[in-house]
Amino acid sequence: MTDQAPHSIKPTTSSESSLYAASQRIHPRKVKGANRTAKTAIAWISILIVALVPWLRWDRGAGHPDQAVLFDFVAMRAHFFNTEIWPQEFYFLTGILVIASIGLFLVTALYGRVWCGFACPQTVWTDIFVWIEDMVEGDRNARLKLDRAPWSAGKIAKKVVKHGAWLAVSLFTSASFLFFFNDAPTSAKGLLTGEAGIVLYGFVAFFGFMTYMMAGWAREQMCIYMCPWPRFQGAMLDQDSVVVSYDERRGEGRAHARVGQSFEGRGHCVDCRMCVQVCPVGIDIRDGIQMECIGCGLCADACDSVMPRFGLPQNLVGWRPFAHTAAETATPKRPWHRRPRLIVYGAIILVTLAGMAVAGGQRKLLDMNVLHDRSPVSVMLSDGSIRNDYTLKIINRERAVRHLRLAVDGLADGQVEVQDLGRSNDGRTLVAAPDDVTLYRVSVRRPAGQTAGDVIPVEFRLIDLATGQESTRSTTFISGSEQ
Ligand code: SF4
Ligand code: SF4
């Protein structure tokens, strides 16, 4: 008889396998091919954009930033060459984000995770870090051997050089990224001379550390476990999306082969595992389409380099419509206009672009916002007249001072009183600072004895005294009094 309860949980012993496998360091093999060439070209373009764009200069006149691309949080402006986006025009940035997101959906529907495999900063910077590792520690076999070797002076030296280079690239990337938000020459000089503020140093250290960790240590773990995109990118694919896949009907049954042997009655895969060894996420594409696959196409390059050696056609692993892997025969590719998701994504992008174009066309160099005081909304004065107070925000997008006159229409015998008119010489003119928002407090008074309704629509009208240009804004005058 046993004293063990029938449903007790058996304690785990150290000899039993754990539910969790420790992650294995992946050392991808170098490979040549069309996909590798495209990835390298995109990596160079990305590096050049990050490193050089903040240094481009753009003359905007005295007293204005001369950086071509600048997100100036202090002045609350985004500058793109000749275009300047104000906080009031944030919908432009929203539009750009909508187009970028839907554009990503569209590209995914067309070519699977091609963004992840070729252009995502995580992929690009991981590629750079692996390239450095390869330069310092040697190719895949040398790196595997070095990892297994006991610690020695030579191994320590290689690791120190590699991590030093990774840190240098990380700090350079971090500083270059931050130059998009600060004047690049001033910030670079400050960082190098020790005169930069603690905040800038802190951000450089933070983003540098994150780059080092993500591209040096996390690598494919970031794509597999942390990035949400693989979880829902499958919803963007349809049967005609072109993805990297293994032609199972042609490749199986796989077996090792000798150069010159016949492939009659057997599969074309020679089981060399080159496609596995080059894979940056360490999967076997022959197991089918997998969530971990970032669509980089390096396995296709590897297999394409193997096939000719055996006199076999390339494209055993390659880009083909998704349906080809799921069905016995390849489904004919539908034209784009018979793929509803492409039409929907394209339509959203076009509508957003049109909206931005219309908004851009209506952009005014002189604009205003009128904010009605909420508490109290209206005041009855001792003579029976009623007063409403407003905050007037004058938006002057010109780089010159404007002199303006304010009129309020829609209120019979209404009187307008603007505070702070001491800024002008004549005491009647509103002065709007150049390329800035200028605030005024405005009181509108309706004489006693008028019988109009409780809420009267009124219109504020600003007139530029030099050009006659007008800007109007509708608001209300509320006559229900509060004491
Ligand atoms: S399976 Fe191929 S396409 Fe997918 S991540 Fe690996 S190498 Fe890239
Ligand atoms: S590289 Fe091609 S031949 Fe070699 S194992 Fe992969 S699929 Fe088979």
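Helices (H or I, at least four residues) and strands (E, at least two) are DSSP runs, numbered from the N terminus. The model is predicted: local features need pLDDT of at least 70, side-chain atom pairs count only at pLDDT 80 or more, and totals for chains, interfaces and linings use all residues. Residues are numbered from 1 along each chain as its sequence is written, chains are lettered from A and ligands numbered from 1 in the order in which they are written, and side-chain values use heavy atoms, with hydrogens and water left out.

The domain assignment of the protein chain gives domain 1 (34-232), domain 2 (238-332) and domain 3 (366-478). Such bounds come from an automatic or database domain assignment. The centres of domain 2 and domain 3, taken over C-alpha atoms, are separated by 72 Å.

Two peptide bonds are described as cis. One joins Glu 252 and Gly 253, with omega about -15°. Gly 253 sits in the loop between helix H11 (248-251) and H12. The other runs from Ser 375 to Pro 376, with omega near 0°. Pro 376 belongs to the loop between strand S6 (366-372) and strand S7 (379-380).

Positive phi values also occur. Arg 273 is not a glycine, yet its phi is positive, at about 65°. This residue lies in the loop between H11 and H12. Its relative accessible area is 40%, so Arg 273 is partly exposed. Here buried means under 20% relative accessible area, exposed over 50%, and partly exposed in between (1.4 Å probe, protein chains only). Asp 413 has a positive phi near 60° and is likewise a residue other than glycine. Its loop connects strand S9 (402-409) and strand S10 (415-418). With a relative accessible area of 58%, Asp 413 is exposed.

Arg 273 also belongs to a ligand shell. A residue is near a molecule if one of its heavy atoms lies within 4 Å of it. The residues around ligand 2 are Tyr 246, Cys 269, Val 270, Asp 271, Cys 272, Arg 273, Cys 275, Arg 286, Cys 303, Met 307 and Val 317. By class, eight are nonpolar, none polar and three charged. In this scheme Ala, Val, Leu, Ile, Met, Phe, Trp, Tyr, Cys and Pro count as nonpolar, Asp, Glu, Lys and Arg as charged, and the others, Gly among them, as polar. Around ligand 1 the residues include Val 244, Cys 279, Cys 293, Cys 296 and Cys 299. Ile 285 is also in that shell. The ligand 1 shell holds 10 nonpolar, two polar and no charged residues.

A nonpolar core is a set of buried Ala, Val, Leu, Ile, Met, Phe, Trp, Tyr and Cys residues joined through side-chain atoms within 4.5 Å. The largest has 38 residues, and Ile 285 and Val 317 have the most contacts inside it. At least two residues each come from helix H2 (90-111), helix H9 (220-226), strand S4 (242-246), helix H12 (274-277), helix H13 (298-306) and helix H15 (340-361). H13 gives the most, with six residues. Domain 1 and domain 2 both contribute, so this core lies between them. Contact means heavy atoms within 4.5 Å. Not counting residues up to four places away in sequence, Ile 285 touches Val 244, Ser 245, Tyr 246, Cys 275, Gln 290, Cys 299 and Val 317. A second, separate core of 23 residues includes Tyr 390, Leu 430, Tyr 440 and Ile 456.

H2 has 22 residues. From first C-alpha to last, H2 reaches 31 Å, close to the 32 Å expected at 1.5 Å a residue. The expected span is 1.5 Å times one less than the number of residues. Its buried residues are packed against strand S3 (83-85), helix H10 (229-233) and H15; among them are Phe 92, Leu 93 and Ile 102. Gly 112 follows H2 and has a positive phi, near 60°.

Helix H6 (residues 153-178) has 26 residues and reaches 37 Å, close to the 38 Å expected. Its buried residues include Lys 155, His 163, Trp 166 and Leu 178. These buried residues of H6 pack against helix H1 (34-52), helix H4 (121-137), helix H5 (140-148), helix H7 (184-193) and helix H8 (198-218).
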